[in-house]
Amino acid sequence: MTKYEIISTVISTTALALSILIPLLQWIWRKWIITEKVKYYSTSQANLFFNQSGAYMRIYGIVESERKSTTIKKLKIIVTRKRDDQKLNLTWSYLISPVSQNMLGNYIQTLEVAHPFRVEADSIACAFVEYSDFSDSSGIKIRSLCANLASEIQEITPDSNYDQAIKRFSNSSNYLGAKSQIANDFFWEAGKYAVDIVVEYGKRGTKSFPYEFSISEKDYFDLQKNIDEILIAQLKSHYGIRPNFHSPMIEISERKIDI
């Protein structure tokens, strides 16, 4: 072989090797070396709830994954009432679709049971998430108290209109006792709260995002009204009256962490 043929062979062999090696190195880099960087951004809005399921909340935001696609395995929050350091541990219960669907001519917002979802590399995914108590301990207690009042409602309703029934029912000793027990478990007091949103992603990734919010006196009293609404929901149902639960929207902001 001539010198030029040898050089040409070396160049072509090197080019072939690189064409195989570079994609392989890129795959190794993406698969094993580069890691995803997950971020959470709140839209600064959240709803507070207190009903038959106890105290819980819904937070509106988005999840971003930089550099690499990842799977969001779980979203959970720890709510801390700053006045007494009382904590509320909640985990995702529903993902709320941000897109309304047209069903038989009516637009409705769909509700979807939460499950792991994928965020593509360098993109975002909506996370309008409702967080609730996974053990449902408060909800079990509240529904048990309501069930104990069912027989009393049946005794009152046959010969009474709604105004008569609600007056008699809400003044009964059983009603007042149940109301007192629910009030003892009421979490949403007026004041300041810290929220830590914990995102579990990928194989073993976990990251916490600190936020805070305040509950005004008005929102506190509105949520307090839900205690009576919980107890009279069965009575209202008997008379075909819709329940009137309050779920105020509050402002939520990033919380600075002292280092």
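Student: Where is Asp122 found?
Tutor: In this predicted model, Asp122 is found in the loop between strand 6 (117-119) and strand 7 (123-126).

Student: Is Asp122 buried or exposed there?
Tutor: Asp122 has a relative accessible area of 58%, and it counts as exposed because the cut-off is over 50%.

Student: And what about its phi?
Tutor: Phi of Asp122 is positive, near 55 degrees, and the residue is not a glycine. Most residues other than glycine have a negative phi.

Student: Switching to helix 2, which of its residues are buried?
Tutor: Helix 2 buries Ser138, Gly139, Ile142, Leu145 and Cys146. They lie on the same side of helix 2, because they cover an arc of only 130 degrees around the axis.

Student: Why would residues three or four places apart point the same way?
Tutor: An α-helix has 3.6 residues a turn, so residues with that spacing point the same way.

Student: What do the buried residues of helix 2 pack against?
Tutor: Their partners are strand 1 (37-51), strand 2 (54-66), helix 3 (150-156), helix 5 (173-184) and helix 6. On the face turned away from the buried side, helix 2 carries the exposed residues Ile140 and Asn148.

Student: Last one: where is Phe221 found?
Tutor: Phe221 is in helix 6 (residues 217-238), and at 48% relative accessibility it counts as partly exposed. Phe221 and His246 are 25 residues apart in sequence, with their C-alpha atoms 9.7 Å apart in space.

Methods:
Residues are numbered from 1 along each chain as its sequence is written. This is a predicted model: local features need pLDDT of at least 70, side-chain atom pairs count only at pLDDT 80 or more; totals for chains, interfaces and linings use all residues. Side-chain values use heavy atoms; hydrogens and water are left out. Helices (H or I, at least four residues) and strands (E, at least two) are DSSP runs, numbered from the N terminus. Buried means under 20% relative accessible area, exposed over 50%, partly exposed in between (1.4 Å probe, protein chains only). The arc is that of the directions from the helix axis to the C-beta atoms. Contact means heavy atoms within 4.5 Å.
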